[in-house]
Amino acid sequence: MAVQWFPGHMHLTRQAIAERVKATDVFIELLDARLPASSANPMLAELTQGLPTLKVLNKQDLADPQRTADWLAHYNAQAGTRAFALSANPGIGEKKPIQRLREACFELAPTRGGMAKPMRVLIGGVPNVGKSTLINSLVGRKTAKTGDEAGITRHEQRFVLADDFYLYDTPGMLWPRIAIDQSGYWLAVSGAVGKNAYDEAEIALELVANLQHNYVDCLVKRYGLKSDEATVLSTFSDEQAFELIAKAMGATSKGGHVAWHKAAERLITDFRTGLLGAMTLETPAQFAQWQTEAAAREAEREAHKALLRQQRRTSDTAGRAHFRSAKPDPRGITADPPPPKPKRNPQANGRPPVGGKPPVHGKPSARAPRSGGRGSR
Ligand SMILES: Nc1nc2c(ncn2[C@@H]2O[C@H](COP(=O)(O)OP(=O)(O)OP(=O)(O)O)[C@@H](O)[C@H]2O)c(=O)[nH]1
Ligand SMILES: [Mg+2]
């Protein structure tokens, strides 16, 4: 089932961002380096259209370095787009990319600076991507609240980097309908989606299906798979592969059955924390293919809706035509369709009760008078 999560506070965030962009000089779109395109919010792109934008692939330490290089080349080849990767978490990332980010803002908005024209930078992205962590790294101390959970920041907040440099932290935001199923799965795996909005076992299965083909070595190393198991893993179905991994983890019940939920939780945590290894779940080519497939599905959906609308119109027209062609009422009243023919009622000698509706057969209604009962005359 597709993953969707757009709670009420995101609707408010959308309105707040629409207001804030009017007084913003640079927009920093924070992406998750493990799912760069899936973590790009199309609604944010629409809201910030026309603003100088920097794409920052965060959590670089958790992503596949080769694929990060591919994604950066992909983005930097697009006209008017600047992208770079970093790790916002203090202690993990080098200081240089953070400084580069500051410099890049002045390059994109050269007329800003000084007390009269302070630089105003808006930081946005999906939940849990590291927006508040990046703000803390830029400011140089823990000033914004962070946490490994979607929805930590609930309101827009301003932070002062210098007297002439303001940063605006925003709550993480998804969009009302995630049309690419794969994007929904990766967002859930990465921790961008609220826990109640997806099924862990289903998401873990999608992750296994990806890893068994792209990162077998990581699975072998993390769960101590034997060499013959490693060989067959990529030939297994995703369920078989998940079962093998779950057993290797020891996620089984007393009867030896696989404890799917436990295995799913462990696999997802291992992915999120990087214990599984550095990996990226999509490439530019794969994402382009998912986009094409989603667009075809969307077109099919629209065509189906148009067909239903057409059928409804046709049946309405036919109904009206039938009514118009019906025999005119001798009194000249034609506004109401003719009443349905009453069913034959044996108790009423085939005639409906005078002036009333035909009797309803079956269980008598509580209010219906009973013939022959107490009080009847
Ligand atoms: N490994 C790693 N973890 C990071 C990095 N950046 C952020 N994190 C972690 O990601 C989690 C989420 O970080 P936040 O800064 O709270 O994310 P956010 O985007 O502000 O989240 P919301 O406020 O919920 O939208 C925290 O546990 C951070 O420590 C990074 O570059 N590398
Ligand atoms: Mg935050």
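Ala, Val, Leu, Ile, Met, Phe, Trp, Tyr, Cys and Pro count here as nonpolar, Asp, Glu, Lys and Arg as charged, and the others, Gly among them, as polar. By these classes, the shell around ligand 1 holds eight nonpolar, 13 polar and four charged residues.

This is a predicted model, in which local features need pLDDT of at least 70 and side-chain atom pairs count only at pLDDT 80 or more, while totals for chains, interfaces and linings use all residues. Residues are numbered from 1 along each chain as its sequence is written, and chains are lettered from A and ligands numbered from 1 in the order in which they are written.

**The ligand shell**

Ligand 1 is surrounded by 25 residues. A residue counts as near a molecule or strand if its C-beta atom, placed from the backbone, lies within 6 Å of it. The closest are Gly 130, Thr 133, Asp 148, Thr 153 and Gly 172. Helix α5 (residues 131–139) gives the most to this shell, with three residues. Helices (H or I, at least four residues) and strands (E, at least two) are DSSP runs, numbered from the N terminus.

**The sheet**

Six strands form an open sheet, ordered β3-β2-β1-β4-β6-β5, with mixed pairing. Two strands pair if DSSP finds at least two bridges between them. At the edges lie β3 (82–85) and β5 (157–162), each pairing on one side only. Neighbouring strands are turned by 25 degrees against each other on average, direction ignored. Strands β4 (residues 119–125) and β6 (residues 165–169) run parallel and are joined by five bridges. Val 121 stands opposite Leu 167 in β6.

**Helix α7 and its partners**

Helix α7 (residues 200–214) crosses α11 (residues 260–273), α10 (residues 238–249) and α6 (residues 181–190). Axes are lines fitted to C-alpha atoms, for helices over the stretch in contact, and angles run from 0 to 180 degrees between N-to-C directions.

| Pair | Axes come within | Crossing angle |
|---|---|---|
| α7 and α11 | 8 Å | roughly 55 degrees |
| α7 and α10 | 9 Å | roughly 95 degrees |
| α6 and α7 | 10 Å | roughly 105 degrees |

Angles under 35 degrees count as roughly parallel, over 145 as roughly antiparallel, 65 to 115 as roughly perpendicular and the rest as oblique. The α6 crossing, at roughly 105 degrees, therefore makes α6 roughly perpendicular to α7. Residues are in contact if their C-beta atoms, placed from the backbone, lie within 7 Å. Tyr 185, Ala 188 and Val 189 of α6 meet Ile 203, Glu 206 and Leu 207 of α7. That contact has five nonpolar, no polar and one charged residue.

Helices α7 and α10 are also roughly perpendicular to each other. From α7 come Ala 204, Leu 205, Val 208, Ala 209 and Gln 212, and from α10 Asp 238, Glu 239, Ala 241, Phe 242 and Ile 245. Seven of these residues are nonpolar, one is polar and two are charged.

With α11, the angle is roughly 55 degrees, so α7 is oblique to α11. The contact includes Ile 203 and Leu 207 of α7 and Trp 260 and Phe 271 of α11. By class, the α7 and α11 contact has 10 nonpolar, one polar and two charged residues.

Terms used:
Contact = placed C-beta atoms within 7 Å.
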